[in-house]
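Trainee: Could you walk me through this one? I'd like to start with the pocket and then look at a helix.

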Amino acid sequence: MSYQTVHLSGEYQKQLFSCGNEKLDTYLHKQAGQEVKKNYAAAFILPGNDPVKGLIIKGYYTLSGTGVPKDQAPEEIAGKIPYRIIPSILIGRLAVDQNFQRQGLGELLLSDALARIYDLSKTLGLFVVCVDPIDERAVIFYSKFGFILRPENGQMFLPMSVVQKMITGQR
């Protein structure tokens with residue numbers, strides 16, 4: 001499968017990235033490269049080329065392996081698996097630069113992430129995709145794609161069966 005994103009690398013002007021959320025900006029500017037080097041996360045960027053600024057980042061997301069304790073997942077997910085820890089993957093961060101917002105790039109980044117996750121699920125057991133939405137806008141965004149909110153801990157979950165249907169077009 002081909003993707004719209006590439007791995008984060010030093011050739012891109014990450015210091016120019018600004019999505020309007022200081023935590024997401026600071027993460028990309030100062031932490032993302034370190035986390036990639038230490039294998040804490042994989043960072044993917046939507047690249048751009050500005051005639052003046054050079055190689056820029058229009059948006060980014062991160063992926064990390066995780067496990068969710070069964071009692072922290074929504075019942076409609078937890079009730080379908082016999083294990084105490086649910087095999088999962090975390091979309092840790094997802095952001096679009098302010099210059100490119102409201103152009104559908106958030107949806108494009110999420111679709112790209114879910115395609116990568118689906119491909120990964122063919123070789124690694126994954127039962128659910130998790131996100132920790134940063135604010136209410138993020139909750140609304142992820143809800144549009146079928147993520148289920150667990151109000152007790154603020155996490156959101158999307159079963160891999162739903163991801164598979166989204167990617168393969170099955171009903």
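Trainee: What volume does the largest pocket have?
Mentor: Keep in mind that this is a predicted model, where local features need pLDDT of at least 70, side-chain atom pairs count only at pLDDT 80 or more, and totals for chains, interfaces and linings use all residues. Residues are numbered from 1 along each chain as its sequence is written, and side-chain values use heavy atoms, with hydrogens and water left out. A pocket here is an open set of points on a 1 Å grid over the protein atoms alone, where a 1.4 Å probe fits, with protein on both sides within 12 Å along at least five of seven lines. Taking volume as the space filled by probe spheres set on the points, joined across faces, edges and corners, the largest pocket comes to about 780 Å³.

Trainee: Which element gives the largest share of the lining of the largest pocket?
Mentor: Lining residues have an atom within 4 Å of a point, and there are 31 of them. Helices (H or I, at least four residues) and strands (E, at least two) are DSSP runs, numbered from the N terminus; those giving two or more residues are α1 (22-37), β4 (85-96), α3 (105-121) and α4 (136-143). The largest share, six residues, comes from β4.
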